[in-house]
Amino acid sequence: YGFINTCLKSLVVEKYGEETWEKLRLQAGVQDSFLTFEVYKDEITMQLVDKACKVLGVPADIVLREFGKYFFEFCKRSGYDHMLRTLGGNLYEFIENLDALHSYLSLSYQANIEVLVLVLFFFFPQEMNAPSFRVEKNEDGSMHLHYYSDRRGLCHIVPGIIGAAALDFFNIEISMKIVNQTEEEERTGKKEHIVFLVTQTPLFPCKERNEFSSSSQCLVDSEKQIENQLSKEDLEKIKNANGDRGNSVCPVKKSHWKTLRGIITLGRGKLLRGFDPVYPKSLWIDTKTFCNGLPFHMVFDKELKVKQAGVSIQKIVPGIQTMGICLDQYFRIIHPEVPFTISSIQKFINSQFVFQTRREMMPESWKERPMLELRGQMMWMESLQCMLYLCSPLLRTLHELEERQMHIADIAPHDVTRDLILLNQQRLAEMELSNQLERKKEELRILSKHLEEEKKKTEALLYAMLPQHVANQLKEGKRVEAGEFKECTILFSDVVTFTNICAQCEPIQIVLMLNSMYLRFDRLTTVHDVYKVETIGDAYMVVGGVPVPVPTHAERVANFALGMIMAAKGVQNPVSGNPIQIRVGIHTGPVLAGVVGEKMPRYCLFGDTVNIASRMESHGVPSKIHLSSSAYQCLKYKNFEITERGEIEVKGKGKMHTYFLIRNKSATENEIMGRP
């Protein structure tokens, strides 16, 4: 069930974080979420457990034990501890009734509801041959817990779950040690049979421990105190009352102090009603009434010969009206998976037994119907050396009742199967609605996830066009004010002889060349954290220090420019087949930046700094990085190799002293290109 995998995910996320779960999930090749009531393949769970061991570096037995502990707490948080607490007043009774609880939940509801409790102890649904428990008391107070399962390697979950339940429900610590591990041939094939030795250690707070240790002395003192307080007349009445009980059908001999303990709570003086069952000398019910009142019951001996059967069973399976017929000729045992022998039945006598009629032995009218199943308990009658099977038809819904052409009237009025069928019909409808809601919830979660992915793609595209803080303001409907930047560094580049190349090539060749070049340049903007302003034809413009001011804007743009020269060598000229050449110009100065337009808005830079940077590029030399004097002043002490070009005539600016950037003395080519 998906609940198992969901719990395993919750354990990993809670203890090791989301990243560990994601790594584990990807290695196991499973989805991120699971539907609670959906049945998933065993391989998914086993893959998760196996990968958890490898990712966490923990042995499988420890992982399974921790999973067992966590699973119990997980189910408690889901509100199922109340049902579990009712199984027994001590650990022995609790374990003894696990199979009965499992049988009730899985068989009555076909594992469609209360699946959390079902899988809590059995890990897999009933339809898949769930494991079984059998417990034996030892004289020293310890127990032997027998665990049967078709699935090998899962037994280490048991100590985790049982240990957590013992501590929480009964305030005792237990140790569970495997004392035997074998394979047994059962009706459904080989089963792993694990025998645990269970030892218990009660946990007492200090005050309770002191009270417990002195309780024996208190008992003696209290007896003496009561003896002094009671008059002879009171004692005589008690003796007479005890004498009267001695005349009953089942006399019980007691000292007067035992009688006192039975009716008085020591130290409090409150009466307790002790209980001793009284049995009649003979059974006050005739055979006919018994068989009619319990229409679904059977009595059989050690040889499985039927001695007695209820009227409804006789009606459905007429063959057993022949007294002395062997029961296994007409029925097979469905649960537990044991051979149909008296010894096997006695071994699992505390379990609920499910019988199914054999199709070949049923009347013709039943041949096309689903076979009848009976569920109930076995009771060994020592005096008669016979087994009593008290049972009811195993019917879950009105549909199953109709399939077998049976009616509510066929079931005894006192049998709760009547109520179960009617209540479960409503419950199944509610469950189906719950499943539909869960599926819709999962669909919405997936749609929401896809929507979030599409939103991220849209935002990535938007952030590629505009600075992030500007894009966020536009998304919120705010007006973006123009901002002044006192110092930044601007770069322009273009392809040498681009006009000639365009005249001699097909347009698609130009597009492919520019795309190849710009992809390389775009990657470098990320490497050196500069902002790409725009591209026009073969011109490429970036800026450092805008839109986020940084003191290292000139160094970033200089390193980016060096990377451009290197990257351009990998782009082929479609005319000559040689690497293309580019010119690069850089200038540092103040600018004004802002968003222009509403339809396809652009983040633009304004100011004379933009013009001078463009002039540096247009007056540059192929495969060289041309620097203005202001850019040189920012870089001259930053460990760059720079050569002086001298004064040149710049269109619109007159004479300007310029420089060439050669290399970064402290950075390797791989560092410039952002390669590992």
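Author: Start with helix α4, where V63, L64, F67, G68, Y70, F71, F72, F74 and C75 are buried. This is a predicted model: local features need pLDDT of at least 70, side-chain atom pairs count only at pLDDT 80 or more, and totals for chains, interfaces and linings use all residues. Residues are numbered from 1 along each chain as its sequence is written, and side-chain values use heavy atoms, with hydrogens and water left out.

Reader: What makes a residue of α4 buried?

Author: Buried means under 20% relative accessible area, exposed means over 50%, and partly exposed is in between (1.4 Å probe, protein chains only). The residues listed for α4 are buried.

Reader: How do you know that the reach of α4 is close to the expected one?

Author: The expected span is 1.5 Å times one less than the number of residues. α4 has 18 residues and reaches 25 Å from its first C-alpha to its last, against 26 Å expected. For α9, with 14 residues, the reach is 20 Å and the expected value is 20 Å.

Reader: What makes α9 largely enclosed?

Author: 12 of its 14 residues are buried, so the rest of the structure largely encloses α9. Among them are I157, V158, F169 and F170.

Reader: Why is a set of residues called a nonpolar core?

Author: Because its members are buried Ala, Val, Leu, Ile, Met, Phe, Trp, Tyr and Cys residues joined through side-chain atoms within 4.5 Å. The largest has 50 residues, and L48, L91, F94, I95, L145 and F196 touch the most other members. Helix α9 (residues 157–170) gives the most to this core, 9 residues. A second, separate core has 40 residues, including V495 and F521.

Reader: How do you know that the largest pocket lies between two domains?

Author: Domain 1 (59–202) and domain 2 (311–422) both give residues to its lining, so the pocket lies between them. Those bounds come from an automatic or database domain assignment. Of the 23 lining residues, Q352, R375, G376, Q377 and L390 are the closest to the centre. Strand β9 supplies the largest share, 4 residues.

Reader: What makes it a pocket?

Author: On a 1 Å grid over the protein atoms alone, a pocket is an open set of points with protein on both sides within 12 Å along at least five of seven lines; a lining residue has an atom within 4 Å of a point.

Reader: What makes Q405 exposed?

Author: Q405 has 53% relative accessibility, so Q405 passes the cut-off for exposed. Q405 also has a positive phi of about 55 degrees, although it is not a glycine. Most residues other than glycine have a negative phi, and most peptide bonds are trans.

Reader: Which peptide bonds are cis?

Author: The bond from H335 to P336 is cis, with omega near -5 degrees. The bond from V546 to P547 is cis too, with omega near 5 degrees.

How values were computed
Helices (H or I, at least four residues) and strands (E, at least two) are DSSP runs, numbered from the N terminus. On a 1 Å grid over the protein atoms alone, a cavity is a set of points where a 1.4 Å probe fits but cannot get out, and a pocket is an open set with protein on both sides within 12 Å along at least five of seven lines; lining residues have an atom within 4 Å of a point.
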